[in-house]
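Keep the chains in separate colours and follow the headings in order.

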Amino acid sequence: MKNQITNALSDFFFEYETPRQVLVRNRRVGVVCRLIQLGVLAYIIGWVFIYEKGYQSTDTAVSSVFTKMKGVGYTNVSGSERVWDVADYVFPPQGDSSFVVMTNYIITEGQKMGTCPELKGKHNCKSNADCEGGSFKRTGHGQMTGVCVESTKTCEVLAWCPVEDDHDIPDPPLLMSAENYTLFIKNSVTFPLFGVTRSNLVEGIDADYIGKCLHDPKKAPLCPIFRLGDIVKLSGFSFETIAKVGGAIGIVVDWTCNLDVDVKHCKPQYNFHGLYGNPDETDKARASVGYNFRYAKHYMENGTQKRTLLKVFGIRFDIIVQSLARKFDIIPTLTAIGSGVGIFGVATVVCDLVLLYLLPKREFYKNMKFKYTDTHAQK
Amino acid sequence: MKNQITNALSDFFFEYETPRQVLVRNRRVGVVCRLIQLGVLAYIIGWVFIYEKGYQSTDTAVSSVFTKMKGVGYTNVSGSERVWDVADYVFPPQGDSSFVVMTNYIITEGQKMGTCPELKGKHNCKSNADCEGGSFKRTGHGQMTGVCVESTKTCEVLAWCPVEDDHDIPDPPLLMSAENYTLFIKNSVTFPLFGVTRSNLVEGIDADYIGKCLHDPKKAPLCPIFRLGDIVKLSGFSFETIAKVGGAIGIVVDWTCNLDVDVKHCKPQYNFHGLYGNPDETDKARASVGYNFRYAKHYMENGTQKRTLLKVFGIRFDIIVQSLARKFDIIPTLTAIGSGVGIFGVATVVCDLVLLYLLPKREFYKNMKFKYTDTHAQK
Amino acid sequence: MKNQITNALSDFFFEYETPRQVLVRNRRVGVVCRLIQLGVLAYIIGWVFIYEKGYQSTDTAVSSVFTKMKGVGYTNVSGSERVWDVADYVFPPQGDSSFVVMTNYIITEGQKMGTCPELKGKHNCKSNADCEGGSFKRTGHGQMTGVCVESTKTCEVLAWCPVEDDHDIPDPPLLMSAENYTLFIKNSVTFPLFGVTRSNLVEGIDADYIGKCLHDPKKAPLCPIFRLGDIVKLSGFSFETIAKVGGAIGIVVDWTCNLDVDVKHCKPQYNFHGLYGNPDETDKARASVGYNFRYAKHYMENGTQKRTLLKVFGIRFDIIVQSLARKFDIIPTLTAIGSGVGIFGVATVVCDLVLLYLLPKREFYKNMKFKYTDTHAQK
């Protein structure tokens, strides 16, 4: 018994099976098949391996972004001068990856809770019957009291009074000076699969350089300090348009890294594009142009709660980190090779079909290739 | 020499190898093997290619979301009427993809820095010894002064006074009118691999339509305007419950796109589900039901810094963009074919095992299939 | 005709082709080839299947995070005591996944719009000519009026006055007590491909447990309540350093789940690491150490708009959810098997090369393996 197993094992180890093959010496078949095989080989080596880098596995990063604006704005509205600093024009203040820079605004000062007539236009009324007390209108500012105000011919509402009149958007935008603000982006990415962490302050981007550089796609592609006017221009907008009604711009930080080469070649690329409200888009996208939101500053005056309402038009920046790292990995390599061999098999099947069904001497080749287990087919 | 290479090359190009095969004419083996092969073929074509679309490569999107709330709320607390507009009830105000809509609150007005007794309950004391001066209690409101206040029998603290009493949550919630607020979602996605950008304002969703539509899963599945009450209902909550203690709801914008067909069929789908505090979940999830945070409005009164503290109960909405685009790609196609051929090879191995080890005539087949290089095995 | 088709079909179904093979009985070739084949087999089974779990498909999660801070801070600046509660030191207040905890600050109280001299240092001037009226300096606080103030020898600016002097950062940090604040993290993840939703309040983490636990990597790895001092220590910082100038810490919630086993084994792991400003990093990263932002509280005093400006130094926490779920799937399984068979084919090709080109008896083996369709090669 033990002997038998030893024998079987030695048989197994000392034997080797290799398929018997027919070597068909036929120019036509030979050339066609070799070309098919070479094509498959070229595809596997050239396309899968070299072009698509099929020998690498891929990973996307987890990332963290911090932003900081610099710059001072100045407005002069009917003689009243004021400046706007970072604490005034950035929302939210804490340096998120998505934030809004105010470029225009409609201010309604000294609002307090009370009753006042609605704006003219959408809320016109002829009599009290048009203003159902206790109800709301979708675009209204408050709860209707049931009174139609004589002087304005609009419904009276319980609201923050006086109600905001946002019919006329200041033009030119009040904070055109926002064009010269600068944005500093700090971004770190980690590719967990490969254990690689990179910051956008790569080699050579030190405190000295940051202190004086300004991003330029050609001259300073790695400088993480961006002029707002440049960003807007690079994303295809006119600053004056977007500053007036607002808009949204995506700043894509693109980390496409081949980690088979030195990690210092893994550098970010910055791209800019409009997110919505792009004036070049088709009509449907323009359905909702602009970007604005309302923001209130509350205060007490003589024991009464009051607020200053700001309708803020601004540029919303979304820092979008897009990442793809690649590194040599044995599994995709062997999977690619293995499935390449499989495709070689397909090539062989195609050639066999030609050989056995299309050639004039097909019967001869069939006999060469096949051996039959009964006499029926050999007759 | 040159002649030799030319010869080798011509040999290589004009020759073609094809494996020699035994054609086994055996009904049982034939049927079994053909069925196995057909099964493999059906799996490759039916499952990998048609069902799982293995001929396509996939990509997820980078996305950007902007939201805008509309609607006015009204409260009447002990005769004091007021309305709440967007600037009052949305946190943060700038239209982020994650935001909170206030539905209930506990207000503590006129807090100023000073000393006052703690709340009754957790901070009871019998004598000054129970209130170690300079220390903090984990759930306390301030730093203990070391005094046990006679009248309340609680420790005195240095804190914003009077301290907030959040024991009783207003019921019914103060801002039940939040049910009728509407939410507008703007979302754009970009599939970088395929260079496709889509907005949720797809074909047919123009300004006119947006002006009057309201999302309905059946009747208006593409309308990007949502009534809060509908969202809450669709995610399986009761509005009154969630409005009282708060909760979190995920709005999933699902972009599952087959880019082999016209891009206009790439449309978003909106789904809603509770994120935490779902009353239907098991006990463990209820460990921390509700959603609330504290928010202060600061003001000066007669030179003293004061604040109004709001404990805000609200619905937190997270707009979650989930995306998967697929498009024909030669590499996954050929990988699938190649590995399919490999599985064919496995089928052949299985059939060979049957043929050579299980059939009664196995010795005969063995001799047909194998040719031996020595005489030892042929004896 | 019909007969012919039936015949062809029965031929097809009752026949079975199997390649004819040469069984080479040669110890050297046998051992080499068997070892290569065993190596391939070991690779496929051991590496692809067992180690890399190639029989599973993978999915990443969509996730939602909610955070809540607890704790009270205390400062005593030149005799003026005050406490800081959650509404004072967390930005933004609503419990986002990315937030800042204030640990130090420079306060500038009672700023109002007006003209005042700039800070000494960067804005020195000798005469009015050094202060071009109407222009801005990149690091300035406002718009220059064109006057060089005699007493300070700096340019006069229109700005929020007095301008902030942030030269000296309070040391030790004013809110060292932040070390004892606690952070509660609620996180839910959904793997859309597998339809699995998990919360970080897993089995056993109920209200009771949360009420008294404190995260510890060893003793309480699943407790979702974290002491700030612990987080900072675990990410390799000194609390005093980071509290003084600020910093950013990533809290990675790692969901690596094998869904082939019971879903209750799918538990989060918490890791902590510095994001930027890590004092251990190389020089380039230190290019921009620290984390701060400016934040203003506006108020009215005697009809004048004033503000309190806070330069907030703090720790920014980014909750980063990293997820990878794996589950058995037939497609990757068969792809792995199929491409493994392909690699077997490669092994055979290698052995054939040895057999036909390297062995002394290669001509003999060549004749055994190949059959020629003409007599030319057999001469």
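## Helix α2 of chain C

Just after α2(C), C:K53 adopts a positive phi of about 50 degrees. The helix covers residues 27-51 of chain C, and its buried residues are C:V29, C:G30, C:C33, C:R34, C:Q37, C:V40, C:Y43, C:I44, C:V48 and C:F49. Here helices (H or I, at least four residues) and strands (E, at least two) are DSSP runs, numbered from the N terminus. Buried means under 20% relative accessible area, exposed means over 50%, and partly exposed lies in between, using a 1.4 Å probe and protein chains only. An α-helix has 3.6 residues a turn, so residues three or four places apart point the same way. The cover over the buried residues of α2(C) includes α1 (2-14), β1 (15-19) and α7 (330-358) of chain A, along with α7 (330-358) of chain C.

A word on the model: it is predicted, so local features need pLDDT of at least 70 and side-chain atom pairs count only at pLDDT 80 or more, while totals for chains, interfaces and linings use all residues. Residues are numbered from 1 along each chain as its sequence is written, chains are lettered from A and ligands numbered from 1 in the order in which they are written, and side-chain values use heavy atoms, with hydrogens and water left out.

## Helix α7 in chains C and B

C:T333 sits in helix α7 of chain C. Is C:T333 buried or exposed? Its relative accessibility is 10%, so C:T333 counts as buried. Setting aside neighbours within four places in sequence, C:T333 is in contact (heavy atoms within 4.5 Å) with C:F49, C:G54, C:Y55 and C:F328. One of these, C:F49, is also among the buried residues of α2(C).

Over in chain B, helix α7 (residues 330-358) packs against helix α8 (residues 362-369) at an angle of about 125 degrees, and the axes are 6 Å apart. Axes are lines fitted to C-alpha atoms, for helices over the stretch in contact, and angles run from 0 to 180 degrees between N-to-C directions. This angle makes α7(B) oblique to α8(B); angles under 35 degrees count as roughly parallel, over 145 as roughly antiparallel, 65 to 115 as roughly perpendicular and the rest as oblique. From α7(B), the residues B:D352, B:L355, B:L356, B:Y357 and B:L358 meet B:R362, B:Y365, B:K366 and B:K369 of α8(B).

## Binding-site annotation

An unreviewed UniProt entry lists A:K68, A:M69, A:K70, A:T182, A:N292, A:F293, A:R294 and A:K311 under "binding site". These positions span 244 residues of sequence and are spread in space too, with up to 24.2 Å between C-alpha atoms. UniProt positions are given in the numbering used here, feature names are shortened, and annotations may be inferred rather than shown by experiment.

A:M69 belongs to strand β4 (residues 62-70) of chain A and, at 6% relative accessibility, is buried. Not counting residues up to four places away in sequence, A:M69 touches A:V86, A:Y89, A:V90, A:F99, A:V101, A:Y181, A:T182, A:L183 and A:L228.

## Across to chain B

A:N292 lies in strand β16 (residues 292-301) of chain A and is buried, with a relative accessible area of 13%. Beyond residues up to four places away in sequence, A:N292 touches A:K311, A:V312, A:F313, B:F66 and B:K68.

## Other record entries in chain A

The unreviewed UniProt entry also gives A:N180 as a "glycosylation site". A:N180 is in the loop between β10 (154-161) and β11 (182-191) of chain A, and counts as exposed at 52% relative accessibility.

For "transmembrane region", the unreviewed entry lists residues 29-50 and 336-359 of chain A. Residues 29-50 of chain A are 100% helix and 0% strand, with end C-alpha atoms 30 Å apart. Residues 336-359 of chain A are 96% helix and 0% strand, with end C-alpha atoms 33 Å apart.
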